[in-house]
Amino acid sequence: MYKNDKWPLLFILSLLFAGMLLVNHLMDESSKPVPKKENDPSYRADYHFTTPDKWKNDPQKPVYYKGKYHYYYLYNKDYPGGNGTEWRHATSEDLVNWRDEGVAIPKFTNDNGDVWSGSVVIDKENTAGFGKNAFIAILTQPSKDGGKQKQFLWYSTDDGKTFKPHGEDPVLDNPGTKDFRDPKVVWDDERNKWILLMAEGTKIGFYESDDLKNWRFTSGFQTKEIGLIECPDLFLMRAEDGTLKWVLGVSANGLASGKPNTYAYWTGDFNGEFFAVDHEDPEWVDHGFDWYGGVTFDEGEKSNPDAKRYALAWMNNWSYPHETPTMKEYFNGMDSVVRELQLKRDADADHYYLASQPVAALDNLTGYRDSFQQIKVDGEKTLDVSGDSYVLETDISWEDSQNIGLRLRESEDKTRHIDVGIHTEGQFSYVNRSASNQPDKTGQYVESKAPFSSENRNVHLKILVDKTSVEVFVDDGRVAHSSLVYPEHNDQGITLFSEGGEAIFENLQVKHVE
C-alpha cells in the first residue's frame, strides 16, 4: 500500500481553512438584518409611508399619470455607513396604499455626484423634446465644480420607471450663492410657460422657461425671520367663496423667533414674474416638530379644479434625524399621511388660510370602532379602550376648565403618555410628548403649541395615532400638530382629562386600523 507521510498536515490545513470560511460566513451573516418573527413587536408604521429599508428624507412632489400617483423620495441605500441620496419610486391609486417601484434615479452616475431634491412634471406637449408625456425631473446635484449646487435635467420615457441624464451640464447654473437648491417646477396655464422656484439661502428665486432646458431669472422673494429656506412651492387655489389665490410655500425654521419649524406659506397674487403677498407674516401648515420638506400636488381626477390639493411631508427634524428605534429594524424614514388642503377665508382676520385634513381614503383602513355618545369628565377618566394604531375623533365642550384633553399611548401605571389638549388659560392647543420616549434628547422640542382663542368653549379634535407618530387636526384643520413619538409597545391606554372644571366629550370614536 502506498503511504503519504504528508496527509496529517494536509488534513489539519484543510480543517483550518474550512474553519476560516465558516467564521467569515458567520460574520457576514451577523451584519445582515435579522428577519423579525411574525409576532415580534415592531416600530414600523401601520398606515404611514415608510422606506422599505435604510434611509429616506425629502419627498418630491407626486405626479398623476394613467390612474396612479407617482411618488419619488430621497433614499440612501448605504445608510448608515455611506452618504449620498438617490430617487426611489413608489406608486399609489389612493394615496394610502403604496407599491415600491425601486430606484428611478441612481446616485453617482457621473462626476456631478448624488441627486438631491427637485421636482417632476409630465411634459404633456413635448416642450422639452423628449416626447409627449415624458417625465421630466429637474433636481439639484452638488456638481464637480467645487461642490457648487447646480440644477440638472433627467428624463424618463418609460412612464417614470427609470430616468436618464440630459448630459452632464446644468440647465440652471449656480449664480454664485452657497445655497442654491430644491427646484420646484410648475406650469403657468394662464401665461403658457414653465415657472421654476429655487431656494437661495433666505430668498426664493423665480425663473421662467418655454422648454424646461433654458431658464431666465425674473424676480426674488425675500423671507424674514424663518432661517434657511428649503423646498419652495407655488400653486393656485380657489377658496370656498370663489376667490382665486396664489399660495407661495417653503420649508423653514422659525423657532428662533417663536415660530414653527415646518411649512410656511403666504397667500397673494402672481403675475408670472413677481409674487405679491397679502400679508407679510406667513401662516404655517403645521405647528408640530416633524412636518418638514412638505410638498403639495394636484388631485389626479379633478372634479373641481383648484378647489382641493394634496400635501405630505417628511416626519422628522434635522435636530435629531437619527434618534429612532427603527434603526434596530434597519430603516429610518417615514412620511406624514397625505392631507387634503382647502383654501378658506377667515372673516375676523380678513385673510385666507389653508385648512388640512387627512385624505378621505384613510377611512378605508379602519376596521372596528369604539364609540361613546357622551362622557363627562372632571379630573380624569380612563377609557376601557386600548390601541397603538387608530384614528380618534371627538367634540369637547366646557365652561370653566383650564386644561382639557387626552393622554394617549398611556402606560398601565400612567407614568408614560403623550398629551393632546387645549390650554384655555394659556390660549393654545398643544401636543406634549415629554412623558414618553421621543427623539429630542435636549428637551427643547417636547411641547408644540398653536394659538387657541380663550373665547372658544368647544373644539373638535381629529387625532391620528400610529406606532411612532401622533398627528392632530384642530377644528377645521387650520391648526395641525405632527410629532414623532416612540412609546413602549405595551403603552396603549387612553385617558380623558379636564382640570379646573367639567368638560364634556361627545361623539367620541376610536377607529382602529386593521
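**A first look at a sheet**

In what order do the strands of the open four-strand sheet with antiparallel pairing stand? The order is S9-S10-S11-S12. Strands here are DSSP runs of E with at least two residues, while helices are runs of H or I with at least four, and both are numbered from the N terminus. Two strands count as paired if DSSP finds at least two bridges between them.

Strand S11 (residues 203-209) runs antiparallel to S12, and six bridges join the two. Gly-205 has Gly-220 in S12 opposite to it.

**About the model**

This is a predicted model, in which local features need pLDDT of at least 70 and side-chain atom pairs count only at pLDDT 80 or more, while totals for chains, interfaces and linings use all residues. Residues are numbered from 1 along each chain as its sequence is written, and side-chain values use heavy atoms, leaving out hydrogens and water.

The predictor's confidence in each residue, from 0 to 100, is called pLDDT. Its mean over the protein is 92, and 92% of the residues reach 70 or more. Residues 1-37 are a stretch to treat with care: pLDDT stays under 50 there, and the model has six contacts beyond four places in sequence for them. A contact means heavy atoms within 4.5 Å.

**A second sheet**

Five strands make up an open sheet with mixed pairing, in the order S4-S3-S2-S1-S20. Its edges are strand S4 (99-105) and strand S20 (331-332); each has a single partner strand, so one side of each lacks a neighbour in the sheet. S3 and S4 pair in the antiparallel sense over five bridges, and Trp-87 has Ile-105 in S4 as its bridge partner.

**Nonpolar cores**

In soluble globular proteins, nonpolar side chains tend to be buried together. Buried means under 20% relative accessible area, exposed over 50%, and partly exposed in between (1.4 Å probe, protein chains only). A nonpolar core is a set of buried Ala, Val, Leu, Ile, Met, Phe, Trp, Tyr and Cys residues joined through side-chain atoms within 4.5 Å.

The largest nonpolar core has 32 residues, of which Leu-408, Leu-461, Ile-463 and Phe-505 touch the most other members. Several strands supply at least two residues each, including strand S23 (366-386) and strand S29 (458-466). S32 gives the most, with six residues. Beyond four places in sequence, Ile-463 is in contact with residues including Leu-406, Leu-408 and Val-420. A second, separate core of 24 residues includes Phe-49, Ala-361, Leu-365 and Val-391.

**Aromatic pairs**

The structure holds 28 aromatic pairs. Rings of Phe, Tyr and Trp (its six-membered ring) pair if their centres lie within 6.5 Å; planes under 30 degrees apart count as stacked, over 60 as edge-to-face and the rest as tilted. Tyr-65 and Phe-135 form an edge-to-face pair, at 5.4 Å centre to centre with 90 degrees between the planes. Tyr-65 lies in strand S1 (residues 54-65) and Phe-135 in strand S6, 70 residues apart. Tyr-65 counts as buried at 15% relative accessibility, and Phe-135 is buried at 0%.

Tyr-263 and Trp-291 are also edge-to-face, with 6.1 Å centre to centre and 80 degrees between the planes. Ring pairs also link Phe-49, Tyr-71, Tyr-73 and Trp-98 into a cluster.

Most residues other than glycine have a negative phi, and most peptide bonds are trans. Tyr-79 and Pro-80 are joined by a cis peptide bond, with omega about 0 degrees. Pro-80 lies in the loop between strand S2 (68-76) and strand S3 (86-92).

Lys-414, which is not a glycine, has a positive phi of about 65 degrees. Lys-414 sits in the loop between strand S25 (403-410) and strand S26 (418-423) and is partly exposed, with a relative accessible area of 32%.
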